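Dear colleague,

Here is the structure I promised to hand over. My notes follow below it.

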Amino acid sequence: MKTWGVLIALALSALLTACLPVASLQVAEPVDGRQIVVGLTGVTALSSDSPGAGAMPYLAYAWGNGNTEFSISTQIGLRGGVKQKVADGFSVAGGLTLPWLVFTDGTSGLPFTADVALLADVAPGVTVAGRGMYVYMPDLASTWLGGASLLYRQEPWMFEGGFLVGQDGSPLLSLSAAYGF
């Protein structure tokens, strides 16, 4: 019976992350030119019921002029985003994520996640991000999430650790590694 609990937790994690950008893998400075990032994120949902874990690929394409950046990324869902430089080493970012597959009867609406983030370079190669998200799932309870991440960049590699916490208080932890070119 415990195996079923783990499988259910993994399925719920997959459902949630189908529309949830778990890893941000973003530095504070907007891209000047173009960049592709390929990576992998390990996720674990800490719950008193049954913890679950899994891994998800990450792919992003960004383009910008050093002040404003536009991006398209995927981590099961498809996210379109924009980042604006506010000051040297400090930016604000936002995005909208839609799942790749939508199972709906056409009357409930489309699931989505809207996210905002504040990104700050706190040391050479180290970025801290504070994030907030609103997740809308038709026919299920929509929720607000908050979290933070710490990114270490050693060109061309990036490593990120982060967490997201929903209204129920159960954290979702993630570790990511990516290569940018």
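This is a predicted model: local features need pLDDT of at least 70, side-chain atom pairs count only at pLDDT 80 or more; totals for chains, interfaces and linings use all residues.

Phe163 has Leu173 of β10 as its bridge partner.

Start with the strands around β10. Strand β9 covers residues 157-166 and pairs with β10 in the antiparallel sense, over 9 bridges. The two form a hairpin, with 4 residues between them. Gly169 sits in the turn and has a positive phi of about 85 degrees. β1 also runs antiparallel to β10, and 9 bridges join them. There, the bridge partner of Thr44 in β10 is Leu173.

Which residues of β10 lie on its covered face, and which on its uncovered one? β10 spans residues 171-180. Leu172, Ser174, Ser176, Ala178 and Gly180 make up the covered face. Pro171, Leu173, Leu175, Ala177 and Tyr179 make up the uncovered one. In general, side chains in a regular strand alternate between the two faces of the sheet.

Next, the cores. The largest nonpolar core has 10 residues: Val22, Val43, Ala45, Met56, Met133, Val135, Met137, Leu145, Leu164 and Leu172. At least two of its residues come from β1 (32-45), and at least two from β7 (126-136). As background, nonpolar side chains in soluble globular proteins tend to be buried together.

Two single residues are worth a look.

Arg79 is in strand β4, residues 77-87. Buried or exposed? Arg79 has a relative accessible area of 7%, under the 20% cut-off, so it counts as buried. Its side chain makes a polar contact with the side chain of Asp115, at 2.9 Å. Leaving out residues up to four places away in sequence, Arg79 touches Pro21, Gln26, Ser71, Ile72, Ser73, Gly94, Gly95, Leu96, Thr97 and Asp115.

Leu118 is in strand β6, residues 112-123. Its relative accessibility is 48%, so Leu118 counts as partly exposed. Beyond its neighbours within four places in sequence, Leu118 is in contact with Phe90, Ser91, Val92, Val128, Ala129 and Gly130. Phe90 is 28 residues from Leu118 along the chain, and their C-alpha atoms are separated by 7.5 Å.

Best wishes

Terms used: Residues are numbered from 1 along each chain as its sequence is written. Side-chain values use heavy atoms; hydrogens and water are left out. Buried means under 20% relative accessible area, exposed over 50%, partly exposed in between (1.4 Å probe, protein chains only). Contact means heavy atoms within 4.5 Å. A polar contact is a pair of N or O atoms within 3.5 Å; within protein, one must be able to donate a hydrogen and the other to accept it, and residues adjacent in sequence count only if both atoms are side-chain atoms. A nonpolar core is a set of buried Ala, Val, Leu, Ile, Met, Phe, Trp, Tyr and Cys residues joined through side-chain atoms within 4.5 Å. Two strands pair if DSSP finds at least two bridges between them.
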